[in-house]
Amino acid sequence: MTTITITAFERSPDGGKGLARDTRVRWALEEAGLPYEVRLVSFHAMKEAAHLALHPFGQIPTYEEDGLTLFETGSIVMHIAECRPGLFPADANARARAITWMFAALNTVEPPILELVIVKFVEGDKPWKDERLPLVLDRIRARLTQLATRLGDTDWLDGGFSAGDLLMVSVLLRLRPSGLLNEFPSLAAYVARGEARPAYQRAFAAQLAINAAPLPGG
């Protein structure tokens with residue numbers, strides 16, 4: 001079997017709380033039962049030629065296997081799901097719906113959540129913050145209301161757990177520090193179900209261990 005190698009932060013900005021995007025790829029690999037290696041990169045190394053050859057935008061994660069190099073978590077998770085069992089249902093229509101939920105997580109639900117991060121931490125000292133923040137929160141609540149309505153009282157978005165749920169749970173986890181998830185009990189329970197999966201637990205523990213370890217030479 002060829003070796004899968006992914007890249008991750010040498011030190012994650014979240015301190016290993018599972019919010020960095022390599023956690024999504026780790027989780028997918030764990031669900032698929034695939035061993036993998038991790039190459040840690042510093043913020044400086046991410047902007048150097050060697051890493052830019054793997055990821056033209058100088059970010060993480062990347063995925064390397066048998067001459068194939070991928071970047072963008074959605075693409076990587078989809079590749080894993082297509083090549084190995086466990087993340088896509090066998091039925092073609094159900095698989096198509098799972099892919100739709102992957103796109104919904106990244107293209108519809110995540111953008112306003114990332115806006116919240118930007119307003120709070122990147123633009124926190126800007127004069128427009130106090131006016132912009134309520135607008136961003138309203139956009140997030142609107143999306144969460146729609147998502148909660150669709151989820152209803154089911155465990156997962158479309159039948160059994162799929163790559164769509166993996167990405168949606170990962171996106172929603174970004175809201176935990178804000179407390180917004182607590183306003184939507186069904187979504188909070190949905191996220192908790194995702195976190196309770198053994199594969200997620202292994203992925204989270206692996207990322208946390210890296211961030212808890214001392215840096216080389218430190």
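Predicted model: local features only at pLDDT ≥ 70, side-chain atom pairs only at ≥ 80, totals over all residues.

The strands (E, at least two residues) and helices (H or I, at least four) are themselves DSSP runs, numbered from the N terminus. Residues are numbered from 1 along each chain as its sequence is written, and side-chain values use heavy atoms, with hydrogens and water left out.

So, the hairpin. β3 and β4 have two residues between them, and Asp 66 takes a positive phi near 50° there. Asp 66 is not a glycine, despite that positive phi. Is Asp 66 buried or exposed? It counts as exposed, because its relative accessibility is 64%; the cut-offs are under 20% for buried, over 50% for exposed and partly exposed in between, with a 1.4 Å probe and protein chains only.

Go past β4 and there's another one: in the loop between β4 and α3 sits Glu 72, again a non-glycine with positive phi, near 80°. Glu 72 has a relative accessible area of 40%, so it is partly exposed. The peptide bond from Ile 60 to Pro 61 is cis, with omega near 0°.

Now the whole sheet. Strands of a sheet pair through backbone hydrogen bonds, either parallel or antiparallel. Here we have an open sheet of four strands in the order β2-β1-β3-β4, with mixed pairing. β2 (37-41) and β4 (68-71) are the edge strands, each pairing on one side only. On average, neighbouring strands are turned by 25° against each other, direction ignored; axes are lines fitted to C-alpha atoms, for helices over the stretch in contact, and angles run from 0 to 180 degrees between N-to-C directions.

Going along the sheet, β1 and β2 are parallel, with five bridges, and Phe 9 has Val 41 in β2 as its bridge partner. Next, β1 and β3 run antiparallel, joined by two bridges; Thr 5 stands opposite Glu 64 in β3. Then β3 and β4, also antiparallel, are joined by four bridges, with Tyr 63 opposite Leu 70 in β4.

What lies across β1, β2 and β3? That's helix α1, running at about 145° to β1. Helix α3 (residues 73-83) packs on the sheet too, touching β3 and β4, and its direction makes about 130° with that of β4. Contact here means heavy atoms within 4.5 Å.

Trp 101 counts as buried because its relative accessibility is 14%. Leaving aside neighbours within four places in sequence, Trp 101 contacts Leu 147, Arg 150, Leu 157, Asp 158, Gly 164 and Met 168.

On a 1 Å grid over the protein atoms alone, a cavity is a set of points where a 1.4 Å probe fits but cannot get out; a pocket is an open set with protein on both sides within 12 Å along at least five of seven lines, and lining residues have an atom within 4 Å of a point. Points are joined across faces, edges and corners, and a volume is the space filled by probe spheres set on them.

How much space lies in the largest pocket? About 960 Å³. Of the 36 residues lining the largest pocket, the closest to its centre are Leu 19, Ala 20, Arg 21, Leu 114 and Arg 174. α4 gives the largest share of that lining, eight residues.

By this rule there is one cavity of 30 Å³ or more, and the largest cavity holds about 40 Å³. Its lining includes Phe 9, Ala 20 and Arg 26. α8 (198-212) supplies at least two of the lining residues, as do β1 (5-9) and α1 (22-31).

That's my tour; happy to go back to any part of the model.

Technical notes
Pairing = 2+ DSSP bridges.
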